[in-house]
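Here are a few exercises to work through with the structure open beside you. Try each task first, then follow the solution step by step.

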Amino acid sequence: MKKMTEAQLAELETDLNAIREEVLADLGERDARYIRRMIRLHRSLEAGGRIMMPFGFLPPVFVAATATLGIAKILENMEIGHNVMHGQYDWMNDPSLNSQTYEWDTVCTGDSWRRTHNYEHHTYTNIIGKDRDYGYAVLRLTDDEPWKPWHTLQFINYILLSVFFQWGVGLHELETEKLRSREISWREKLPFLKQFARKGGRQAFKDYVFFPLLTFPVAPIVLAGNVGANLIRNLWSSTVIFCGHFTQDAETFTEEECEGESKGHWYLRQLTGSSNFTGGRWLHILSGHLSYQVEHHVFPDLPAHRYPEISGKVQAVCRKHGIHYNTGSFAKQYGTVVKRILRHSLPEKLMGMARAA
Amino acid sequence: MLAKQTQQKALHWLGRQLFNRDDPEAFFDPLLERINPMWVQEYTPARVEQILSETGDTKTLVLKPARRWSGFRAGQHVNICVEVDGVRRNRTFSLSSSPLLWQEQGLVTLTIKRLPGGLVTNWLHDHLQTGAVIGLGEAFGDFLIPEPAQPVLFIAGGSGITPVLSQLETMAAQDYRAPVTLLYFVRTRDDVIAREKLLALKARYSALTLNIIATNESREPRYLRGQDLDTVPGIKARQVYLCGPKGLMDLAQGLLSERGFADADIHSTFFSVPSANLGNETLGGEVQFESSQMMVDSEGDATLLEIAEAAGLTPRHGCRMGICHQCSCRKTTGTVINRLTGQTSGPGEETVQLCISVPRGPVSLDL
């Protein structure tokens, strides 16, 4: 990690705070209009997808319905749910957009997400041993983590995690790695498991039981379409999230270097531990603006549609302090993610030998 | 009836499964609002039918709430919500019309005075137009006319007349059989709210004695005095209703207790006055944790989270630096200052982050 003195970090903090305050002072009707437009779009897509699905016995309609419902879920999870739960719209004082009560259209409960993501991941970003999002306890993505033989096949794990992403995220708080090492007991996880079963059951009931049965004669088609829509969302959200922290240049940190850190150091960690990707407007919207992961990690509670507007200023601050601003095309960034997963499948020594040869 | 209830319960359960929210009926609100704002389900929508000018700084809004609204009793108040620059603002106002108007014509009125520096009252005066739709909550409050009839004395000041207007209209309509006196304090004669209505009431309702007193027209301010009470016939037997600015309420309370009135015979309702303008350095205050039924004093720039923890509570929290919003909590009343931005909150109900909010004066939290 780039070394900066406390004075430099304090200056970095001041510079970034200035950007944040400028946006905060300007929050208002424009932001409210934006998120409501997204919500209207989501409601329309969701209703449209559900209505079209029973007519999926016509192949083009099946494709359209599945895609529509998949995009609806992506929009709700990424641009609405994730961002609302970060408190980006709490200032609107609208109970439907309250960070603490919002419940999203995925298996993971809002409460579990608020603990594991908003608190753990955003506070301890990329600190190996503290940020459980780093590799999700399934993947080895840095040489700081000791290699074990089962890492050899981790690419298969990655594919499985992506396919069943909503279930993986839903079970994240179970902390299976700590259960395996007996650090915690199953009994402690009982309340969590109850919540998980309730929400997971609700989601499965909706997509795999209720809507198929509602249109009984074509139930298999509706079931297949709903599975497809969930799959589309799973693959896309997993890919976007992996591009946010697991690209080649995204840095990791040790617990020691972050002990008692200042806000400036926290900012530096967010800047160097995250990575963006470029693309068109709708790519950004469908990624919940996590394509601006750097801006999101520095300012997690600013309305996400503001990230493109402040990106130039954040880049200027990075240039001023000589901090690498990690961005690239979607294809390039995702390419480095795949490479990183593959590279760390094998122990460091072996990789070193391969390079030497 | 029972079958219908069960059916509704089942539907509600299904809605919760499908839409992941406790008020599934509001899921399509953002779309419905665009088609017809009166179809919104989250709150009771009410259309502004008419805006009447009462005095230079007071207007009456004539509202038509959606039919599902449950109605009210004379003297009750209601929360309204309006969106000002993207922020939903909730404020409480007394209903100034009689419940009969709601029953017969489906209309209610709110009589609202412009408060100096008041965000919502000024917005209502300057921007609200006929045809707009605002949100309405259910009516509440126990500032109610005695049943069966008893002699009544109303002491109202300024826009504190609003619940009394509703009560007098109701009493006149049902020919309430007991003496009723209104002592109405206004700054100047021009500040009398609903003058015509009051005069018309007096003309058609013989039990009513009306005494309008201007406080600021003489050289010496002419406030409520003992004599005003002593000249009310049969004062000892009256139920007293107080509504007005704090100065008037305190004065009246004092004079009434001197005259041996029991607390049970004095009814008062809160009247929104702008809070005293504390300097920015005046931080801290009494913090009420409503769910925990606990009240603690705080001093200096201690945050609500620190205050709660010092009081032995364990509110949910995370980063303690204003990032993760784990500690966001409903503030029901009071003003707080954001430690990060130095910004001052509004006085009404809203969500605050406990870890960076410092109370300025008394604060109540849903915690």
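**Exercise 1.** How many residues of chain B are in contact with chain A, and how many of chain A with chain B?

*Solution.* First, a word on the model: it is predicted, so local features need pLDDT of at least 70 and side-chain atom pairs count only at pLDDT 80 or more, while totals for chains, interfaces and linings use all residues. Residues are numbered from 1 along each chain as its sequence is written, and chains are lettered from A and ligands numbered from 1 in the order in which they are written.

Step 1: count contacts, meaning pairs whose C-beta atoms, placed from the backbone, lie within 7 Å. The count gives 25 residues of chain B and 37 residues of chain A.

Step 2: find the elements, where helices (H or I, at least four residues) and strands (E, at least two) are DSSP runs numbered from the N terminus. Two or more residues on the chain B side come from each of helix 1 (2-19), helix 2 (29-35), strand 4 (87-94) and strand 15 (350-353) of chain B. Helix 2 of chain B gives the most, with 3 residues.

**Exercise 2.** Which residues of helix 8 of chain B are buried, and which exposed residues does the face turned away from them carry?

*Solution.* Step 1: helix 8 (residues 246-258) of chain B has 13 residues.

Step 2: apply the cut-offs: buried takes 20 or more other C-beta atoms within 10 Å of a residue's own, exposed 12 or fewer, and partly exposed lies in between, with C-beta atoms placed from the backbone. The buried residues of helix 8 of chain B are B:L248, B:M249, B:A252 and B:L256. They cover an arc of only 95° around the axis (taken from the directions from the helix axis to the C-beta atoms), so they sit on the same side of helix 8 of chain B.

Step 3: turn to the opposite face, which carries the exposed residues B:K246, B:D250, B:G254, B:S257 and B:E258.

Step 4: look at the cover over the buried residues, which includes strand 7 (152-157), strand 8 (180-186), strand 10 (239-243) and strand 11 (266-268) of chain B.

**Exercise 3.** Is A:P300 buried or exposed?

*Solution.* Step 1: locate A:P300 in the loop between helix 13 (293-298) and helix 14 (307-321) of chain A.

Step 2: A:P300 has 23 C-beta neighbours inside 10 Å and therefore counts as buried.

Step 3: list its contacts. Leaving out residues up to four places away in sequence, A:P300 touches A:H86, A:H122 and B:I323.

Terms used. Two residues are in contact if their C-beta atoms, placed from the backbone, lie within 7 Å. The expected span of a helix is 1.5 Å times one less than its number of residues.
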